[in-house]
Amino acid sequence: MTTDYDPIAEDYRRAKQQPWRSHIEAYTLDAMLPDLAGKAVIDIACGEGFYTRRLRQKGAARVLGVDLSAGMIDLARQQEAAAPLGVDYRVGDGKELAFDAEFDIAFAAYFLNYAHDRGELRQMCDAVARSLKPGGRFITVNCSPMLDFDPARSYRQYGFEAKIQGALVEGTPIVWQIFLDDGSTIEIENYYLDQQIHEDAFRAAGFREVYWRAPRLSPEGEQGFGRDFWKPFLDNPTVAFIDCVK
């Protein structure tokens with residue numbers, strides 16, 4: 001069952017405040033981004049606009065955020081109204097983007113991992129590629145298809161755990177339990193597709209180059225928590241960073 005973000009929109013926004021999100025996720029994505037000055041950027045599965053605003057602040061001339069959840073888009077628009085940056089937000093399905101070579105950069109944080117099977121992943125990659133100009137780039141972070149989900153390994157110190165039932169095969173549900181600072185939890189369901197299935201979808205969509213980037217730790221994160229704190233995450237990262245060129 002695909003996660004419905006409308007009732008958990010505010011909780012999911014709060015989950016982005018976990019330290020690993022800034023010291024590893026955002027830090028790595030920032031390093032992957034090119035100079036955005038004068039660029040048109042689409043943020044697919046933008047949620048409440050966390051990265052959408054960041055992309056605009058980094059100099060993009062035009063930024064459009066698209067998300068399937070009306071609740072998430074409402075939060076994004078509220079923040080745009082409170083502190084205008086000139087970002088446009090629309091409710092829409094990332095598999096059915098109605099844009100033809102309009103954007104220099106497509107960005108997506110946790111979009112592809114909602115594909116239930118290789119066919120749906122291909123739809124997503126086709127839509128992304130179609131929205132990009134020739135030479136455009138797709139920069140994304142997703143649940144890592146290389147993670148083995150060893151039940152003896154815990155990520156609780158980072159604020160989450162993962163649960164699977166049965167073997168890791170195409171479409172196996174992965175449930176992420178996220179622990180919030182008030183003691184409550186939310187659950188997000190993704191689906192397992194291996195690295196080769198991803199590679200095949202990228203190539204079939206027309207991406208000429210595909211790079212899998214290693215996660216990076218910010219100096220502030222290392223100084224504030226110590227390298228040992230981050231070692232289990234960096235040794236077995238739960239997320240994969242991907243950079244594709246059309």
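Glu 189 is located in strand β8, which spans residues 185-191. Strands (E, at least two residues) and helices (H or I, at least four) are DSSP runs, numbered from the N terminus. The model is predicted, so local features were required to have pLDDT of at least 70 and side-chain atom pairs pLDDT 80 or more, whereas totals for chains, interfaces and linings use all residues. Residues are numbered from 1 along each chain as its sequence is written, and side-chain values use heavy atoms, with hydrogens and water left out.

Glu 189 is buried but has no salt bridge. Buried here means under 20% relative accessible area, exposed over 50%, and partly exposed in between, with a 1.4 Å probe and protein chains only. A salt bridge requires a side-chain nitrogen of Lys or Arg within 4 Å of a carboxyl oxygen of Asp or Glu. The nearest side chain of opposite charge to Glu 189 is that of Lys 163, 9.3 Å away; Lys and Arg count as positive, Asp and Glu as negative, and His and the chain ends are not counted. The Glu 189 side chain does make a polar contact of 2.6 Å with the side chain of Tyr 191. Such a contact is a pair of N or O atoms within 3.5 Å; within protein, one atom must be able to donate a hydrogen and the other to accept it, and residues adjacent in sequence count only if both atoms are side-chain atoms.

Strand β8 belongs to an open antiparallel sheet of three strands in the order β6-β7-β8. Strands β6 (160-164) and β8 are the edge strands, each pairing on one side only. Two strands are taken to pair if DSSP finds at least two bridges between them; β7 and β8 are joined in the antiparallel sense by seven bridges. Within β8, Glu 189 stands opposite Val 175.

In total, the structure holds 21 salt bridges. One of them joins Arg 14 and Asp 181, with the closest N and O atoms 3.1 Å apart. Arg 14 lies in helix α1 (residues 9-15) and Asp 181 in the loop between β7 (173-179) and β8, so this pair ties together parts 167 residues apart in sequence. Arg 14 counts as buried at 18% relative accessibility, while Asp 181 is exposed at 69%. Arg 14 and Asp 181 are also linked with Asp 182 in a network of salt bridges.

A further salt bridge is formed by the side chains of Asp 243 and Arg 137, at 2.5 Å from N to O. Asp 243 is in strand β10 (residues 239-245) and Arg 137 in strand β5, so parts 106 residues apart in sequence are tied together. Asp 243 is buried, at 3% relative accessibility.

Rings of Phe, Tyr and Trp (its six-membered ring) were paired if their centres lie within 6.5 Å; planes under 30 degrees apart count as stacked, over 60 as edge-to-face and the rest as tilted. The count by this rule is 19 aromatic pairs. Phe 99 and Phe 103 form an edge-to-face pair, 5.4 Å centre to centre with 85° between the planes, and both Phe 99 and Phe 103 are buried. Tyr 155 and Tyr 158 form a tilted pair, at 6.3 Å and 45°; these two tyrosines are likewise buried. Ring pairs link Tyr 155 and Tyr 158 into a cluster with other residues, including Trp 20, Phe 160 and Trp 176.
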